[in-house]
Amino acid sequence: MLGFLQRPVVVTADINLNVVALTAVGLLSRLWQLAYPRAVVFDEVYYGQYVSFYMKRIFFLDGSGPPFGHMLLALGGYLGGFDGNFLWNRIGAEYSTNVPVWSLRLLPALAGALSVPMAYQIVWELGFSHCAAVGAALLILIENALITQSRLMLLESALIFFNLLAVLSYLKFSNSQKHGPFSPSWWFWLILTGVACSCAVGVKYMGVFTYLLVLGVAAVHAWHLIGDQTLSNVRVLCHLLARAVALLVIPVLVYLLFFYVHLLLLCRSGPHDQIMSSAFQASLEGGLARITQGQPLEVAYGSQVTLKNVFGQPVPCWLHSHQSTYPVIYENGRGSSHQQQVTCYPFKDVNNWWIVKDPGRHQLVVNNPPRPVRHGDIVQLVHGMTTRLLNTHDVAAPLSPHSQEVSCYIDYNVSMPAQNLWRLDIVNRESDTDVWKTILSEVRFVHVNTSAILKLSGAPLPDWGFRQLEVVGEQLSRGYHGSAVWSVEEHRYGRSQEQKERELELHSPTQTDVSRNLSFMARFSELQWRMLTVRSDDSEHKYSSTPLDWVTLDTNIAYWLHPRTSAQIHLLGNIVIWASASLATLVYALLFTWYLFRRQRRACDLPEDCWPRWVLAGALCAGGWAVNYVPFFMMEKTLFLYHYLPALTFQILLLPVVLEHVSDHLCRSQLQRSLFGALVVAWFASACHVSNTLRPLTYGDRSLSPSELKALRWKDSWDILIRK
């Protein structure tokens with residue numbers, strides 16, 4: 001029974017020394033003196049503050065992308081023991097001793113280093129030679145912009161890593177399809193493809209381009225699979241279901257997991273709370289939660305409430321009124337009702353309180369038991385501090401003449417009667433008998449007399465309106481919009497009928513003993529929507545550039561300058577590699593078009609086993625460049641050179657593929673192949689020379705004289721290189 005113990009346990013493994021060597025030099029190039037410079041470099045000032053928020057578990061919102069990339073950077077800080085205490089206020093600031101610089105930059109550097117052997121594996125899995133695969137890896141290794149970007153606390157290297165991992169995993173899955181479908185390795189590579197795609201999207205929204213590319217290639221392969229007559233219908237269905245689960249369902253679940261962990265970690269109130277809804281804010285520790293805990297859930301007649309606009313644009317604000325009235329005559333000569341102003345005010349204020357009144361009763365207190373307000377009920381809104389009722393009428397609004405003026409009614413004893421009845425419309429109700437709930441209900445107020453809805457126009461009023469935001473009544477026929485939806489943020493039951501005692505109530509704080517919680521899906525949906533719609537700073541930056549500037553390398557970015565010497569770091573591309581990669585893409589497009597036309601004429605220049613390999617290489621490499629580059633022409637955001645790096649990486653992978661193709665299929669004789677090989681060696685030597693020449697600006701570890709800097713200025717647009 002124990003006979004197996006009499007035999008030695010032998011483990012055999014195939015080790016590709018090329019991969020081992022490339023991994024080693026990749027790690028050396030990215031990890032060497034990683035903690036230098038010990039100062040904030042360019043966008044580290046941007047990502048560092050989010051790392052600090054993670055360390056302190058403070059909620060934040062970043063509209064530039066999902067949270068997975070930020071969590072990777074925060075993981076580095078956590079592993080290094082970072083406590084989050086550093087003021088990320090300016091580029092070039094020296095890091096204090098409590099900041100683990102090496103650890104914070106470690107994961108981006110590892111991602112950049114592992115991209116080197118991954119480039120080798122991709123070209124090899126595409127069916128090209130080890131020489132071409134090594135060439136692709138070496139080009140990734142020595143490209144200066146990729147080195148610079150991966151050695152800092154930035155996200156592009158992680159995005160490139162997961163892009164390459166998605167492509168490599170799919171290629172390994174596709175190749176295992178030929179000899180071992182539904183085997184453990186087949187499932188592993190298929191699932192890893194979906195996970196890698198989700199990680200790419202989770203790092204930056206740009207990752208969706210590569211995800212769509214992989215889905216497109218997988219769809220074409222699945223279409224060919226459907227036409228395979230050697231497979232039964234059940235077998236084909238199993239193949240399609242496996243791909244659907246791995247490439248559609250799993251990425252969605254992984255993407256949701258990123259947000260689940262993100263929201264689990266960031267449980268405390270922070271500086272970005274005001275962007276979120278009242279319900280979201282109340283789910284965080286501190287901040288609004290300290291105010292809203294213990295509030296009554298159901299709004300009743302006599303309730304005292306503050307009404308926050310759900311849309312929150314241009315800034316979050318609350319329905320507000322004060323003693324001041326609209327001017328009798330506006331600057332343009334139009335007249336007003338001269339009623340009490342109603343605005344939307346972006347700050348907490350006692351004048352934000354309103355009392356929900358039953359039109360059939362005079363009392364402004366809550367009965368015992370409370371009588372809840374339901375969807376469809378007619379109510380009046382009484383301003384707490386002035387006791388005047390919310391009103392609208394057929395008078396043009398101050399800044400929006402197509403809409404009605406909203407005011408608090410003052411009886412001037414003229415022929416303008418009060419029109420202060422409003423019908424409650426709960427937008428997110430489940431039934432027509434729903435009760436109006438604090439924080440949870442999103443409501444519209446529909447004016448009974450004119451059918452106008454209470455809406456935030458968002459226009460700032462002139463000085464007579466204290467620059468507060470205009471509120472108008474707009475007809476329902478204009479359609480639904482979030483600016484017409486309101487939610488109760490603060491709520492208490494009114495206890496006093498006397499005005500002076502009620503004013504004391506309004507000035508006093510609310511109770512604090514019970515918390516409100518949103519479901520994960522509700523928080524995820526709101527956070528995802530805010531990330532996609534939050535306004536980013538689109539102002540022009542001195543280092544911003546256009547997509548055309550990237551291809552011709554007519555731009556660079558000064559990342560860091562030593563405060564006492566001329567040592568500096570720039571995001572500079574290797575001009576030999578960039579130009580050659582662009583030329584290779586053009587050559588591939590021309591050759592592919594020529595071969596396609598020739599095949600249509602039944603002239604096959606490539607052997608049948610080479611054509612699918614040639615097409616797949618173009619789909620993944622040239623296609624990867626296109627999908628990661630062309631969309632930027634349609635974007636209005638401020639763009640920088642580093643946005644081109646994912647596209648460049650795919651383009652570099654195509655370069656040795658084209659070179660090998662030219663050598664094997666276009667060079668007719670051995671002499672031609674030898675001459676072409678010599679040219680390739682000379683070209684690669686020039687790329688290495690340029691990489692070494694730019695090394696001081698890539699690592700920033702050597703001071704350069706003005707003449708040395710000027711020698712690197714190949715283009716007039718690089719005048720930044722001679723400034724100190």
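A residue is called buried under 20% relative accessible area, exposed over 50%, and partly exposed in between (1.4 Å probe, protein chains only). The model is predicted, so that local features need pLDDT of at least 70 and side-chain atom pairs count only at pLDDT 80 or more, whereas totals for chains, interfaces and linings use all residues. Residues are numbered from 1 along each chain as its sequence is written, and side-chain values use heavy atoms, with hydrogens and water left out.

Begin with the entire protein. Its C-alpha trace spans about 105 × 70 × 65 Å along the principal axes. Of its 724 residues, 55% count as buried. Colouring by secondary structure will show 21 helices and 14 strands; these are DSSP runs numbered from the N terminus, helices being H or I of at least four residues and strands E of at least two.

Next, select residues 390–396, which form strand β6 and include Val395. Is Val395 buried or exposed? Val395 is buried, because its relative accessible area is 15%. Now display its surroundings, taking contact as heavy atoms within 4.5 Å. Beyond the neighbours within four places in sequence, Val395 is in contact with Ser336, Ser337, Ser403, Gln404, Glu405 and Met416. The C-alpha atoms of Val395 and Ser336 are separated by 6.9 Å, although the two residues are 59 residues apart along the chain.

Finally, select residues 233–265, helix α10, and find Leu248 there. Leu248 is partly exposed, with a relative accessible area of 45%.
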